[in-house]
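User: I've got a model open and want a quick walk through it. Can we start with a pocket?
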Amino acid sequence: FKQKTAYDIASCLVGSEMCIRDSYIPFFLTANIGADAAVNDLTLYKKLKKFSQVDKELADEALATLSRHLWFLAPTTVLFSLASEKLEDDDKSRIAVKLLQLPKPKEMKKGLPTFPKLSEKTELRDLVTSESWELFSILKLSAGWLSLPPAQWDTDPDYIEFRKFVKTVKVTNDCAERGVKLATDYSKCLTKDSQERSKIYQVVEAERRAKPDAKKSTLNK
């Protein structure tokens, strides 16, 4: 999954204490919670739209960045919200009812997801489409629990597995990006010559293949 939106809009929010406090910090701190990903992203969108009344230029910059990172408001991943404690049972029921009314696609759609068009009135149930069924196909789980009241979902083993996946799925790649940034900065410290840097990469790659771990037995070979 792509990096969560909250990490990417930091540069757009610096300079406005109100915007940082209300539209950045809460989402930054909860960006790695998969179950809340869809709820957080839609809430962030609406907060930024509201903030545009205070600082339109700043809000538009943040919204432009947000529009490129709506991965968890796509038809398939919006269902993550069914495991969110931030979403009321009534809203979960509306999502479930809408999905049950939609036909299941005959085959899975390939390629990148289609990002939805949002407005201040958009609700999570509005983002559910026939493509949303693909999540159950991917997880190989039954959707029978959708016909039950949300208060009873915990009694269904398939929902328990669904919730377990959603609560543990990695929805941020911050560690990977930090690692890439660290390696890039380090390589630039060694030399400014691109050809020399390329040779260093090749040497490191060869050493990593020869010694894939840091065990003493491996290093002594």
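This is a predicted model: local features need pLDDT of at least 70, side-chain atom pairs count only at pLDDT 80 or more; totals for chains, interfaces and linings use all residues.

User: What counts as a pocket here?

Analyst: The search uses a 1 Å grid over the protein atoms alone. A pocket is an open set of points with protein on both sides within 12 Å along at least five of seven lines, whereas a cavity is a set where a 1.4 Å probe fits but cannot get out. Lining residues have an atom within 4 Å of a point.

User: What volume does the second largest pocket have, and which residues lie nearest its centre?

Analyst: Its volume is about 200 Å³. That is the space filled by probe spheres set on the points, with grid points joined across faces, edges and corners. The lining has 13 residues, and L42, L87, D91, E123 and L124 lie nearest the centre.

User: Which helices supply at least two residues of that lining?

Analyst: α5 (37-51) and α7 (89-101) each do. The largest share, 5 residues, comes from α5. Helices are DSSP runs of H or I with at least four residues, strands are runs of E with at least two, and both are numbered from the N terminus.

User: Where is E123, and how far is it from L42?

Analyst: E123 is in the loop between α7 and α8. E123 is partly exposed, at 31% relative accessibility. Buried means under 20% relative accessible area, exposed over 50%, and partly exposed in between, with a 1.4 Å probe and protein chains only.

User: And T122, buried or exposed?

Analyst: T122 is buried, with a relative accessible area of 6%. It sits in the loop between α7 and α8. Its C-alpha is 8.9 Å from that of K46, and the two are 76 residues apart along the chain.

User: Stepping back, how many helices and strands are there?

Analyst: The protein chain has 12 helices and 0 strands. Of its 221 residues, 38% count as buried.

User: Next, α6. Which of its residues are buried?

Analyst: In α6 (residues 56-66), the buried ones are L58, A59, A62, L63, T65 and L66. They line one face of the helix, because they fall within an arc of 160 degrees seen down the axis. The arc is taken from the directions from the helix axis to the C-beta atoms. K56 and E57, on the other side, are exposed.

User: How many aromatic pairs are in the whole structure?

Analyst: The search finds 11. Rings of Phe, Tyr and Trp (its six-membered ring) pair if their centres lie within 6.5 Å; planes under 30 degrees apart are stacked, over 60 edge-to-face, and the rest tilted. F72 and F80 form a tilted pair, 6.1 Å centre to centre with 40 degrees between the planes. Another tilted pair is W153 and Y159, at 5.4 Å and 50 degrees. W153 and Y159 are both buried.

User: What about F162 and L82, how far apart are they?

Analyst: They are 9.3 Å apart, C-alpha to C-alpha, and 80 residues apart in sequence. L82 is in the loop between α6 and α7, and is buried at 0% relative accessible area.

User: Last one: what's the phi of K140?

Analyst: It is positive, about 55 degrees, although K140 is not a glycine. Most residues other than glycine have a negative phi. K140 is in the loop between α8 (134-139) and α9 (157-168), and counts as exposed at 74% relative accessibility.

Definitions and conventions
Residues are numbered from 1 along each chain as its sequence is written. Side-chain values use heavy atoms; hydrogens and water are left out.
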